[in-house]
Amino acid sequence: MKIYHGSIEIVEKPEIREANRSLDYGSGFYATTSYEQALSWVKRRANEKKLSKGYINIYEFNEDSINNFKHLIFESPTEEWLDFVMQNRIHDSFEHDYDIVYGPVANDKVYASFALFEGGFINKQTLISELKTYKLVDQYLFHTEESLKTLKFIEAKEVIL
């Protein structure tokens with residue numbers, strides 16, 4: 001299947017990078033099956049850097065290969081997913097040992113709901129119920145060098161913003 005990585009660079013050889021902010025699944029290389037989600041990643045990075053273009057990097061990924069790695073899969077927002085995301089977002093020292101993590105993106109559309117939860121205004125169950133009303137896109141985190149070998153670069157499409 002094809003997966004996408006939005007960037008301000010052409011990324012023929014993905015690499016593990018430490019994030020400069022807290023991310024849903026920790027540090028590594030993120031990709032998605034949603035072209036639109038990858039485009040939103042391009043726009044965010046380009047805006048941060050005041051650039052007028054970026055790239056949608058396209059890879060071939062054999063999803064069956066995930067079974068050859070230590071992996072964690074969240075099919076939808078669950079209490080376990082929320083706990084994992086919050087651990088990664090809040091605790092700088094949190095580290096996991098999964099090679100690949102797959103699940104929903106806690107994206108900008110649901111930021112307000114997350115803020116209400118973090119502020120103690122709603123509980124986990126309410127947040128999860130709210131998140132299930134959104135059509136959340138997915139994301140893959142490739143957390144180890146070995147897991148990156150499952151990706152085969154196809155092409156990069158330039159995006160003019």
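I took a nonpolar core to be a set of buried Ala, Val, Leu, Ile, Met, Phe, Trp, Tyr and Cys residues joined through side-chain atoms within 4.5 Å. Buried means under 20% relative accessible area, exposed over 50%, partly exposed in between (1.4 Å probe, protein chains only).

This is a predicted model, where local features need pLDDT of at least 70, side-chain atom pairs count only at pLDDT 80 or more, and totals for chains, interfaces and linings use all residues. Residues are numbered from 1 along each chain as its sequence is written, and side-chain values use heavy atoms, without hydrogens and water.

Core. I found 22 residues in the largest nonpolar core; Tyr-25, Trp-81, Leu-82 and Phe-114 touch the most other members. Helices H2 (79-90), H3 (111-118) and H4 (124-131) each give two or more residues to this core. H2 gives the most, with 5 residues. I counted helices (H or I, at least four residues) and strands (E, at least two) as DSSP runs, numbered from the N terminus.

I then checked Trp-81. Leaving out residues up to four places away in sequence, Trp-81 touches Tyr-25, Phe-74, Ser-76, Pro-104, Ala-106, Phe-114 and Leu-131 (contact means heavy atoms within 4.5 Å).

Sheet. I traced an open sheet of 4 strands in the order S2-S6-S5-S4, with mixed pairing. Strands pair if DSSP finds at least two bridges between them. S2 (29-31) and S4 (71-73) are the edge strands. S4 and S5 (residues 100-104) pair in the parallel sense over 3 bridges.

Loop. Lys-50 is not a glycine, yet has a positive phi of about 55 degrees. Lys-50 lies in the loop between helix H1 (35-49) and strand S3 (53-61).
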